[in-house]
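Got your viewer open and a selection tool at hand? Let's walk through this model one stop at a time.

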Amino acid sequence: MARAPQAPPNSTDESQAQIAHLEQRIGALEALQEVALVFSSEFQLERLLALILSSAVDVMKASAGSLLLYDGTTKELVFQVVQGGGGKALRQKRIRSDEGIAGWVFSRGQPVIVHDTGMDSRHLLRIDEALRFHTAAMVAAPLIYKGKPIGVIEIINKKSGEQFVEDDQDLLMAFAAQAAVVIENARLFQQVVSERDRLLVVEEEVRRELARELHDGPSQILAAIIMGLKFLKQVIARQPERTETELAELERLAAQALHQVRNMLFDLRPVALETQGLRAALEIYVERLRASEDVKLHLDVQLLKTRWSPKVEAALFSIIQEAVGNAKKHAQPKNIWITAQPQDDQIALSVRDDGRGFDLAHVEESYAQRGNLGLLNMKERAEIANATLDINSKPGKGTLVTLTVPMRQPTRRSARVFSSNQ
Ligand SMILES: Nc1ncnc2c1ncn2[C@@H]1O[C@H](COP(=O)(O)OP(=O)(O)OP(=O)(O)O)[C@@H](O)[C@H]1O
Ligand SMILES: [Mg+2]
């Protein structure tokens, strides 16, 4: 930062020089403030980096500079933008993060002034000379965000030919502090944008796949059902004894179409499930239901910290969805509780309602004739998730559906389903 004059002036010349010096510092700080404002409205990372460097070179009244960012995967510093000096040839050049002056600054998190880089042992790389540029003086500062260095900014050769002094270093440090924040913001912004783009691509793929499945699956079956119904009209008139067989076939086709549509609904699982996991998806799901349903929904999934594969999480979500759907549709409950409880190396997920309950054995017996698919789907999904599915219900006593899922998925499937009743 700008320094106050150290001793009272003892001559007019000296005081004028000090006033000039202060004016220069104030000017530099004003410029710094201005560029900080411009920075915060630029989110395109490459443009922002170029802007930061050119502003720093201007403010420091220098002739060249470079900005390097750390690449954590290779532990290297990468020349992102270079102005003057080595110019374009240096762009994207990589150096070890403890190499040269930039590496020294980066690894120590400290600024440095180098008066004659030719003599400085840290200036090992001799990149400038290879590019026929002589670095006479340099000031470099680390870009630090939340205590962690993320890169280095180097300013080279004052236009006036003077050496850099401590004031310059302080100014560059102030500049670097602002720059680090806006660089990180721009990176975050870019991450959000690319995540959104990725989701749009996924969404588009799902849509295309769904259209294909609708075309090849249910719409073909519906066409077959319509043909079958036309045929049935003739059968009723001419061969009434065949009616039952034809009706059974039509029923089979309709059940098949329903099954396919359900599988598609399963594929249309909420995006949050894939991106944020089961717990977030359940929170969003319950929030939506609360807005539209009279029944009181209680969600207690704070302890659900495990993440499974997308396939397993989708299967678990769909079972819970069906269990809640069944409670709403059949039980007329006042309350539905959804809970997640860790038990040793397993998680018990449960859906309980205080509705009218049912006789599971009876439902299972007549399942084939009923044409329902909910419980069957739950059973299939439980197998996908290697989970044990227990359904406990008694007429008049509500229903408890419990899924016990291993936190770490075994390689072998071992689902036990419909295991207990009453
Ligand atoms: N929570 C519940 N409370 C009361 N009855 C239930 C409950 N869950 C299931 N049932 C009974 O079990 C039957 C079978 O459920 P299932 O989910 O398989 O079929 P569905 O809900 O009737 O139809 P689908 O799910 O195919 O739309 C239901 O018809 C209902 O009689
Ligand atoms: Mg159902």
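How far apart do the axes of H9 and H10 come, and at what angle do they cross? Before you look, keep in mind that this is a predicted model. Now select helix H9, residues 278-292, and helix H10, residues 310-331. Their axes come within 10 Å and cross at roughly 30 degrees. With angles under 35 degrees counted as roughly parallel, H9 and H10 are therefore roughly parallel to each other. Turn the view to see the handedness: H9 passes H10 in a right-handed crossing.

Next, show side chains where the two helices touch. From H9, pick Leu278, Ala281 and Leu282; they meet Glu313, Leu316, Phe317 and Ile320 of H10. Colour that contact by class and you get six nonpolar residues, no polar ones and one charged.

**Under the helices: the five-stranded sheet**

Five of them make an open sheet with mixed pairing, in the order E7-E8-E9-E11-E10. At the edges sit E7 (296-300) and E10 (388-393), each pairing on one side only. Going from one strand to the next, the twist averages 10 degrees.

Zoom in on E9 (residues 346-353) and E11 (residues 399-406): these run antiparallel and are joined by eight bridges. For a landmark, click Val351, which stands opposite Val401 in E11.

Now bring the helices back in. H9 packs on this sheet, touching E7 and E8 (335-343), and its direction makes about 165 degrees with that of E7. H10 packs on the sheet as well, touching E8, E9 and E11, with its direction at about 15 degrees to that of E9.

**H10's other partner**

Stay with H10 and select helix H13, residues 374-384. The two pack at an angle of about 155 degrees, with their axes 9 Å apart. That angle makes H10 roughly antiparallel to H13. This time the crossing is left-handed. On the H10 side, the contact residues include Lys311, Ala315, Ile319 and Asn326; on the H13 side, look for Gly374, Met378 and Arg381 among others. The residues of this contact divide into seven nonpolar, four polar and three charged.

**The ligand**

Which residues come nearest to ligand 1? Of the 16 around it, they are Asn326, His330, Ala331, Asn372 and Gly374. H10 and H13 are the elements that give two or more residues to this shell, and H10 gives the most, with five. By class, the shell around ligand 1 has six nonpolar, seven polar and three charged residues.

**Last stop: the six-stranded sheet**

Now select the strands of the other sheet. Here six strands form an open, antiparallel sheet in the order E3-E2-E1-E6-E5-E4. Its edge strands are E3 (94-96) and E4 (112-114), each with pairing on one side only. The twist averages 25 degrees from one strand to the next.

Click Ile113 and you'll find Val139 of E5 opposite.

H3 (residues 100-108) lies across E1, E2, E3, E4, E5 and E6, running at about 40 degrees to E5. H5 (residues 166-216) packs on the sheet too, touching E4, E5 and E6, and its direction makes about 35 degrees with that of E5.

Definitions and conventions. Residues numbered from 1 in each chain as written. Chains lettered and ligands numbered in written order. Predicted model: local features only at pLDDT ≥ 70, side-chain atom pairs only at ≥ 80, totals over all residues. Axes fitted to C-alpha atoms, helices over the stretch in contact; angles between N-to-C directions. Helix = DSSP H or I, 4+ residues; strand = E, 2+ residues; numbered from the N terminus. Parallel < 35°, antiparallel > 145°, perpendicular 65-115°, else oblique. Left-handed = near helix turned anticlockwise from the far one by under 90°. Contact = placed C-beta atoms within 7 Å. Nonpolar A, V, L, I, M, F, W, Y, C, P; charged D, E, K, R; others polar. Near = placed C-beta within 6 Å. Pairing = 2+ DSSP bridges.
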